[in-house]
Amino acid sequence: GKPMAKGKVTFDQEYCKGCALCVSVCPKDVLALKTDELNPKGYRPAYAKNPDDCIACTSCAIICPDSVISVYRIEE
């Protein structure tokens with residue numbers, strides 16, 4: 001079969017509210033909320049804990065209520 005698409009996900013962590021909607025919709029368990037760090041607004045921001053598993057499906061970016069997520073496709 002065709003290899004899975006690769007993606008790179010980035011966050012505007014300063015504006016993340018830590019709602020974890022992105023974490024809940026990721027099919028590959030790429031995302032998590034930081035447990036050791038707060039952003040300037042006092043929230044635990046999301047980040048890519050398993051960035052190599054991203055398939056660029058954009059589910060996280062679509063569900064984010066504050067549009068802080070960007071997903072880029074990586075051409076292999």
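Trainee: Is Cys 22 buried or exposed in this structure?

Mentor: This is a predicted model, and the answer rests on a computed relative accessibility compared with a cut-off. A residue is called buried when the value is under 20%. For Cys 22 the relative accessibility is 7%, so Cys 22 counts as buried.

Trainee: How many disulfides does the whole structure hold, and how far from Cys 22 is the nearest cysteine sulfur?

Mentor: A disulfide requires two cysteine sulfur atoms within 2.5 Å, and a search of the whole structure finds zero disulfides. Cys 22 is accordingly in no disulfide, and the nearest cysteine sulfur, which belongs to Cys 19, lies at 6.3 Å.

Trainee: Which cysteine has the sulfur nearest to that of Cys 60?

Mentor: Cys 60 is buried, with a relative accessible area of 10%. Cys 60 is in no disulfide, and the nearest cysteine sulfur, 6.3 Å away, is that of Cys 57.

Trainee: Which side chains make polar contacts with the side chain of Lys 34?

Mentor: Lys 34 sits in the loop between β2 and β3, and its relative accessibility of 15% means that Lys 34 counts as buried. Another, at 3.5 Å, is made with the side chain of Gln 13.

Trainee: Which backbone oxygen does the side chain of Asn 39 reach?

Mentor: Asn 39 is placed in the loop between β2 (31-33) and β3 (46-48), and Asn 39 is buried, with a relative accessible area of 9%. Leaving aside neighbours within four places in sequence, Asn 39 is in contact with Gln 13, Glu 14, Cys 16 and Pro 45. At 2.7 Å, the side chain of Asn 39 reaches the backbone oxygen of Cys 16.

Key:
Residues are numbered from 1 along each chain as its sequence is written. This is a predicted model: local features need pLDDT of at least 70, side-chain atom pairs count only at pLDDT 80 or more; totals for chains, interfaces and linings use all residues. Side-chain values use heavy atoms; hydrogens and water are left out. Helices (H or I, at least four residues) and strands (E, at least two) are DSSP runs, numbered from the N terminus. Buried means under 20% relative accessible area, exposed over 50%, partly exposed in between (1.4 Å probe, protein chains only). A polar contact is a pair of N or O atoms within 3.5 Å; within protein, one must be able to donate a hydrogen and the other to accept it, and residues adjacent in sequence count only if both atoms are side-chain atoms. Contact means heavy atoms within 4.5 Å.
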